[in-house]
Amino acid sequence: MRLTRANLVLGAFLIGAVVIGGVLAPWLAHTDPVMDANLMNAETAPGREFWFGTDGQGRDVYSRVLYGARTSLTVGIVSQLINSVIGVTLGVSSGYWGGWWDDWVSGLTNMMLAIPSLIFALAIMAILSPGITSLLIALGLTNWSYSCRISRAATLSLKGQGFVQAAKMLGYGDVRIMLTQILPNILGPIIVIGTLGMGGAVLAEAALSFLGLGIRPPAPSWGSMLSNAREQITTAPWVAIFPGLAIFFTVLGLNLLGDGLRDLLDPQSKARV
Amino acid sequence: MKPGGIALLEVEDLCLSVTAGGKSCDAVADLSFAIERGQIFGLVGESGCGKSITALALMGLLRRPLAWRSGKIRFKGQEIQALGPEAMRHLRGKHISMVFQEPMTALNPLATVGRQIAEMFVLHEGMGWHEAEKAAVRALAKVRVAAPDQRVKDYPHQLSGGMRQRVVIAIALACKPELLLADEPTTALDVTVQAEILELIHDLCAAQGTAVLLISHDLGVIAQSCERVAVMYAGRIVEEAGAQEVFQRPRHHYTRGLISSLPLLGARAINAANGRTKLQEIRGMVPAVTDFPAGCSFHPRCGMATQACIDRAPGLTRLEGGASVRCHHHA
Amino acid sequence: MTAYVLRRLWQMVPILLAVALLIFVIFSVVPGTFASATAADGRNVVDAQVLERMNREFGLNDPVHVRFGKYVAQLATFDLGISLRSREPVTVVLGQRLWPTLQLTLAAMLLALALGVPLGFVAALKSGGWVDSLSMVFAISGLSVPLFWLGLMLMYLFALVLGWLPSFGYGDPSHLVLPALALCVFPMALLARTTRAVVLEILHADFVRTARAKGMSEMRVVRWHLVRNAMVIVLTMAGLQFGSVIGQAVVIEKLFAWPGLGSLLVDSVSTRDIPVVQGCILCIVIFFLFSNLLVDVLSARIDPRIKYT
């Protein structure tokens, strides 16, 4: 119990800090993250004026990190939302109805699971123009397999239980049963998967932006800030360190929160990892 | 107790506690009984009365949140309740053995049955694996398993519940322990298999001189095999006597309730003549460990309860013939 | 068992075809074809006639179903087409990059298993103690670190500051150290957590209680009863992890200029070298399916309850 509470508190604290940073960025930042680029200040070490130093174009890293929080959080939340909606819809419906629909969805899920999700997202980003919307589509369409599997398994076991049978006897339609009987019972594990998935989405955004296929500079995304960092690593290591730390703490917060939520909402989880 | 002899196992005022949320209460209290060499001793009571915990305590297998609080356990004259884990380990398997309730999950699913029996010989008798596997075949034959040399190579999931329990018994009795703790050994088995297993335990232990502590909630099982019986309720022994006596002349109202709640098979007319038209029950429910009633813990369910029963917990009254009962108003 | 393996190999075919179709469809939607992508790079100034010739030469003007039909026919003969960029057969191009990727991913998985599983065991056996807390803090951190940032930091520390190891390239074993190290952290953390959870669960199982009742020391209980039972689940998790490791290898390969399938994939995606992209993805999927099969076969060897008829 103590550990659960510690997880939840620490996770919430970290995420809270990131959310506040992102939401209040216009007030907390010192400069405009894109426009204020003074080449004369390029690659200045962290100091009193530039808390996190400046990058190769003379932009304030601190401000860019703050604005980057908005991008990363948006990507994390929205893409996970899409994932969960797709996964739960497909999973619950295929578990409930069975038959050819189930075969079809299972086949699709098997195929999805055979392709590493980062590679799939990469392929999709390749055909869409880079930017946040494309990223949301790419990540949202490629990561739903796990929540689909879990929803399906949960639906299969709930399907035979008393209260579902009772609802059927009362004449509830299929969709109504799925929405009112089954969905509330799988909410716990889905929330946990969603929270942990958000961390994965943030990491994926960073990786894709690093590869040049996500968010392109000069947009202030943590991933794009790191894409040039390799060249500057010897001259200005702070350009890489701070965005990386930002990603680390955000994902850590999400993971801790997810762990705590799992202990709270889904203590019997077979997927305890 | 036999005059002039030391009992094999003596339990004196044993007290076991369970801790939850920072608070601890006694799951078992004032527990005292003795088992002679070669004797079959029955411990009967409903679920939650503390019988299994007692057995675990005797083996030194109590884990959080359960713990020994006070009292003595003497095995062959030596006090073992506070023995270190190493010393306790030497007793287990070799001198005191245990058979658990669930044969389906009691064996390692990834090792052959033969290997799991052979482990006993390797551990306690210093045999090599090859020799031990041969001894395992003999052990299986002893528990009346057909074609033991074939069965030895089987995995647990290939055997039925009854067969698995035989394997568990073979493991427990492999090194000829002096005391066998059998915790509900037949509860999970079919009725026909139950009788066979009980008979098996009885015969083997008689042959080897092993004493048995037979724990069950099933009065029939206890009546069939035991020489001496103790009845437990809410963590305490409420009655103890020879088996015949307990069933023919129960002295505690709980024991009486248990016995009369047994359905009597027979023509309806006979039952009606005895005034029985419905199954008799003991009203109320077994109290949770955290909610043991004050005074005599049985008083809320007892038809004979008086103010004294609520005020004072009864002590153990010794009666003639070696029986004892814990009641203010025993029969 | 052989029948099962053959059946699984046979079942891979529809999955691969489905993947091939999916990739094909995705890239047919691409607004830019290879030729115009080359032109758009600004590196080659190509006039309309050359563009037209390139399109005709590569059959890029044919309708989609014709192109896919041709592709499937080629696949049946293990011909993956020609790289639009280098004009070499795709199979040759892939062949050059296969081994480096295998090296990297296998090294990372082995490290992850060798370090993560024992860590999980120790954490579970000493549950509640400082070893447990410390290892789990380490594990959850390992799951939260952005991969290339880790690689970058490692590169910075060990190659640039300390100069112990080379910072990029391929050649002798010393080049493998940093990339493999960076790549192994995530699966190692996950395996440590899984192992810990599984071992804790088994420690409370009935058959472990029986083993203790036999008078076995805790160490023997672990060795004779715990390890095998835990390994079945851990192995399955490791197999699943392999797929994700292959995906993440893309990033590491790009960062360390490691000439493997991953960096090839990224490069050919940006140049729209479709045949190579398709070939890479198919190759990766085959890897993953094979590793899953291997894990299933190994599980069946360890766990006699698993029957593949």
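**Close-up 1. Chain C meets chain A in this predicted model.** The contact draws 41 residues from chain C and 36 residues from chain A. On the side of chain C that touches chain A, the elements giving two or more residues are helix 1 (2–28), helix 6 (130–144), helix 7, helix 8, helix 10 (218–255), helix 11 (261–270) and helix 12 (274–302) of chain C. Helix 10 of chain C gives the most, with nine residues. By class, this side of chain C has 31 nonpolar, eight polar and two charged residues.

**Close-up 2. Helix 5 (residues 90–125) of chain C crosses helix 8 (residues 174–203) of chain C.** Their axes come within 5 Å. The crossing angle is roughly 35 degrees. The crossing of helix 5 of chain C and helix 8 of chain C is right-handed. Their contact holds 27 nonpolar, five polar and two charged residues.

**Close-up 3. C:Ser167 sits in the loop between helix 7 (147–161) and helix 8 of chain C.** C:Ser167 counts as buried because it has 20 C-beta neighbours inside 10 Å, and 20 or more is the cut-off for a buried residue. Beyond its neighbours within four places in sequence, C:Ser167 is in contact with C:Met155, C:Ala159 and C:Leu160. C:Arg7 is 160 residues from C:Ser167 in sequence, and the C-alpha atoms of the two are 44 Å apart.

Close-up 4. The mean pLDDT of chain A is 84. In chain A, 97% of residues reach 70 or more.

Key
Residues numbered from 1 in each chain as written. Chains lettered and ligands numbered in written order. Predicted model: local features only at pLDDT ≥ 70, side-chain atom pairs only at ≥ 80, totals over all residues. Axes fitted to C-alpha atoms, helices over the stretch in contact; angles between N-to-C directions. Helix = DSSP H or I, 4+ residues; strand = E, 2+ residues; numbered from the N terminus. Left-handed = near helix turned anticlockwise from the far one by under 90°. Nonpolar A, V, L, I, M, F, W, Y, C, P; charged D, E, K, R; others polar. Buried ≥ 20, exposed ≤ 12 C-beta atoms within 10 Å, placed from the backbone. Contact = placed C-beta atoms within 7 Å. pLDDT = per-residue confidence, 0-100.
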